[in-house]
Amino acid sequence: MLQFYFLSILLNAVTGLVLLFADPSRREETVSRKIPEIAYDETFRLVLGILAGIAGFFKLLTVIRGDVPIVGDLFPAVAGMAAGFMLLHDFYRSRSSVDDESVPVMVQRLVAGRRYIGIIALVSASAHFLFPTVLFL
């Protein structure tokens, strides 16, 4: 369905920008960069994370005509789910009293690479927009 295709591109681009430029722990440092305040809002980030994760999951299930099933949309779908997970983890971490030492090592490494996930989501969105039916994009 073309709706999920466009939604995947849009949400990957927005979540990539939020992950890359709007780090809540460095909010005071980035005020001079003219980043909109909504990018730091917890509710916005929660809804964006949920939508990106759901759109990434449904992107795996839907096939665009002329595209290779599952494999053709694998990269944008995984990028959307990973970016959604990062935003959901940020929300959970801000509301939870669990210390960082009890979090599994794999999750700690994934969270440490949040900027890379933002870059991957942006690259995925732009490549998916420019090359709609190319394998792995």
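Axes are lines fitted to C-alpha atoms, for helices over the stretch in contact, and angles run from 0 to 180 degrees between N-to-C directions. Helices (H or I, at least four residues) and strands (E, at least two) are DSSP runs, numbered from the N terminus. The model is a predicted one, in which local features need pLDDT of at least 70 and side-chain atom pairs count only at pLDDT 80 or more, while totals for chains, interfaces and linings use all residues. Residues are numbered from 1 along each chain as its sequence is written, and side-chain values use heavy atoms, with hydrogens and water left out.

**Overall architecture**

- The protein has 5 helices and 0 strands, giving the pattern α-α-α-α-α along the sequence.
- Of the 137 residues in the protein, 38% are buried, where buried means under 20% relative accessible area, exposed over 50%, and partly exposed in between (1.4 Å probe, protein chains only).
- The protein exposes about 8,300 Å², of which carbon and sulfur atoms supply 71%; accessible areas come from the Shrake-Rupley method with a 1.4 Å probe, and for residues only the protein chains shown count as cover.
- Contact means heavy atoms within 4.5 Å; among contacts between residues at least 6 apart in sequence, 74% join residues at least 24 apart.

**Packing of α3 and α5**

- Helix α3 (residues 74-95) packs with helix α5 (residues 114-130) at an angle of about 145 degrees, and their axes are 9 Å apart.
- The crossing of α3 and α5 is left-handed, a term for a near helix turned anticlockwise from the far one by less than a right angle.
- On the α3 side, the residues that meet α5 are F75, P76, A79, A82, A83, M86 and D90; on the α5 side they are R114, I117, I120, A121, S124 and H128.
- By class, this contact of α3 with α5 comprises 9 nonpolar, 2 polar and 2 charged residues; Ala, Val, Leu, Ile, Met, Phe, Trp, Tyr, Cys and Pro count as nonpolar, Asp, Glu, Lys and Arg as charged, and the others, Gly among them, as polar.

**Residue S8**

- S8 lies in helix α1 (residues 2-21) and is buried, with a relative accessible area of 3%.
- Apart from its neighbours within four places in sequence, S8 is in contact with K59 and P76.
- P76 is also one of the α3 residues that meet α5.

**Aromatic pair**

- The structure holds 1 aromatic pair.
- The rings of F57 and F58 have centres 5.6 Å apart and planes at 70 degrees, so the pair is edge-to-face.
- Rings of Phe, Tyr and Trp (its six-membered ring) pair if their centres lie within 6.5 Å; planes under 30 degrees apart count as stacked, over 60 as edge-to-face and the rest as tilted.
- F57 counts as partly exposed at 42% relative accessibility, and F58 counts as partly exposed at 34%.
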